[in-house]
Structure formats: C-alpha cells, structure tokens
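Please look at the sequence and the structure before reading on.

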Amino acid sequence: MTEPVRVRGSVVVPDAELVWRFSRSSGPGGQHVNTSDSKVELRWDLAASEALPPVWKERALERLASRLVDGVLVVRASEHRSQWRNREVAAARLAALLGEATAPPPKTRRATKPSRGMVERRLENKRHRSGLKQGRGRIRPE
C-alpha cells in the first residue's frame, strides 16, 4: 500500500499490523475472473494493536464489538476487477470505520423551552389557517 490507513488526525495504522488476503472474486470480469485473485480481505487485530491511544481503542472495541471476531476487524472488498482498486477500497473502509468508531460521543442535548413570542406566533398562525379553511366551506342559501 502506498497510502497508510489514517484513522483521525495524525493517528495511523502501521502497515505491519495489517494482514491482506486475496481470493477469486465472484464479481464481473469475464474470462479474467477465473484466473486472478481480485477479492481483498483486510484484517487488523484491534485488540492487540498499540496504534490507537487507549481511550480511542476502548471506544472502538466497544462500538465495533458486533464486527469483531476475537478482537480482529475484517473488511472485504470485491467491487472492482482490479486487485489494486479493491485494496484501496478496503483500506478506505477500514479508515472510515475506525474514524467513526473513535469519534468522541456527541454532546448531550440540553432541553430548552420555546420563547413566549414563538408560542404566540405559532398559535396565531394556527388560528389564521383555521379561519382560512373554515371560509372555504359550502355556501348555504338562506
């Protein structure tokens, strides 16, 4: 790989920790598909890795628990005919997964009340719409 897998900021997964496997893809390719190993499987042992700061690692282990098999994260790619492009896709997916999993939790929402003026405007608008709709009724002869 020419480009390292960048998690967020300056944190990078070392190439030595990545395990690549190649196999025959079931996708498009004609006669070519039976002879080339274009499907890519990228494995990274998240539990044993020292690449992430401890807080990020803990967060990632918790958020990716359903995707991990014995602490190993597996990403597969087989969309393209080219093994090289599938490698790029797999590395990008791994980076996106790790970026999302290590992101800080969102700030908690503080409940607020609508202002009195906003409530009055809403109710006035409701009264206005109600009057318009009532005015559309059938005219009865007297």
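This is a predicted model: local features need pLDDT of at least 70, side-chain atom pairs count only at pLDDT 80 or more; totals for chains, interfaces and linings use all residues.

Residues are numbered from 1 along each chain as its sequence is written, and side-chain values use heavy atoms, with hydrogens and water left out.

**Overall form**

The protein chain contains three helices and six strands; helices (H or I, at least four residues) and strands (E, at least two) are DSSP runs, numbered from the N terminus. Their order along the sequence is β-β-β-β-α-β-β-α-α. The table gives values for the whole chain.

| Property of the protein chain | Value |
|---|---|
| Radius of gyration | 28 Å |
| Buried share of the 142 residues | 29% |

For comparison, a compact globule of 142 residues would have a radius of gyration near 14 Å. The radius is taken over C-alpha atoms, and the globule rule is 2.2 Å times the number of residues to the power 0.38. Buried means under 20% relative accessible area, exposed over 50%, and partly exposed in between (1.4 Å probe, protein chains only).

**The nonpolar core**

A nonpolar core is a set of buried Ala, Val, Leu, Ile, Met, Phe, Trp, Tyr and Cys residues joined through side-chain atoms within 4.5 Å. The largest one has 25 residues, and L18, W44, L94 and L98 have the most contacts inside it. Elements supplying at least two residues each include β3 (18-23), β4 (39-45) and α2 (83-102). The largest share, seven residues, comes from α2. Leaving aside residues up to four places away in sequence, L18 touches V5, V13, L42, R43, W44 and L94, where contact means heavy atoms within 4.5 Å.

**The helix pair**

The axes of α1 and α2 lie 8 Å apart, and the helices pack at an angle of about 105°. Axes are lines fitted to C-alpha atoms, for helices over the stretch in contact, and angles run from 0 to 180 degrees between N-to-C directions. The two helices are therefore roughly perpendicular to each other, a term for angles of 65 to 115 degrees. In this contact, W56, R59, A60 and R63 of α1 meet E100, A101 and T102 of α2.

**A loop residue**

S78 is located in the loop between β6 and α2. With a relative accessible area of 27%, S78 is partly exposed. Between S78 and E41 the C-alpha to C-alpha distance is 8.8 Å, although they are 37 residues apart in sequence.

Notes:
Angles under 35 degrees count as roughly parallel, over 145 as roughly antiparallel, 65 to 115 as roughly perpendicular and the rest as oblique.
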